[in-house]
Amino acid sequence: MIIIILCVILPSRKAESVGITMSPIDEQAIKDRLTKTCPCRVVTRAAIKEAIANGADTLEKVRAATGAMAGSCRGQRCRSSIEGLLEQASWEKDLEI
Ligand code: FES
């Protein structure tokens with residue numbers, strides 16, 4: 001538990017200096033859980049990525065799955081980030097084929 005807290009609190013270089021190593025994938029997963037892509041609805045980047053991985057391939061589907069873009073700003077602050085995640089997922093999917 002303490003190690004996890006240290007990994008989250010300390011930037012990776014500092015964590016490494018105290019003998020803690022994290023893979024880039026672990027570090028990204030932690031950042032995704034901590035990043036509020038839609039602050040109005042407190043929807044994390046991890047939740048949006050999970051929705052996309054589960055088939056939400058449009059903004060409407062992401063909204064339905066997560067509640068993102070349904071907050072007080074109606075997506076003005078989060079829409080472009082979500083579009084970026086959708087584009088990234090599409091691009092990664094194309095590379096897999
Ligand atoms: S930040 Fe997502 S609805 Fe406002």
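Reader: Which residues of α6 are called buried?

Author: The buried residues of α6 are Ile 82, Leu 85 and Leu 86, where buried means under 20% relative accessible area, exposed over 50% and partly exposed in between, with a 1.4 Å probe and protein chains only. This is a predicted model, in which local features need pLDDT of at least 70 and side-chain atom pairs count only at pLDDT 80 or more, while totals for chains, interfaces and linings use all residues. Residues are numbered from 1 along each chain as its sequence is written, and side-chain values use heavy atoms, with hydrogens and water left out.

Reader: How do you know that the buried residues of α6 line one face of the helix?

Author: Seen down the axis of α6, the buried residues fall within an arc of 100°, so they line one face of the helix; the arc is that of the directions from the helix axis to the C-beta atoms. On the other side of α6, Ser 80, Glu 87, Trp 91, Asp 94 and Leu 95 are exposed.

Reader: What covers the buried residues of α6?

Author: The cover includes β1 (36-38), α4 and α5 (59-66). Helices (H or I, at least four residues) and strands (E, at least two) are DSSP runs, numbered from the N terminus.

Reader: Why does Arg 45 count as partly exposed?

Author: Arg 45, which has its place in helix α4, counts as partly exposed because its relative accessibility is 21%. Leaving aside neighbours within four places in sequence, Arg 45 is in contact (heavy atoms within 4.5 Å) with residues including Asp 32, Thr 37 and Leu 85.

Reader: What makes up the lining of the largest pocket, by class?

Author: The lining has six nonpolar, three polar and five charged residues, where Ala, Val, Leu, Ile, Met, Phe, Trp, Tyr, Cys and Pro count as nonpolar, Asp, Glu, Lys and Arg as charged, and the others, Gly among them, as polar.
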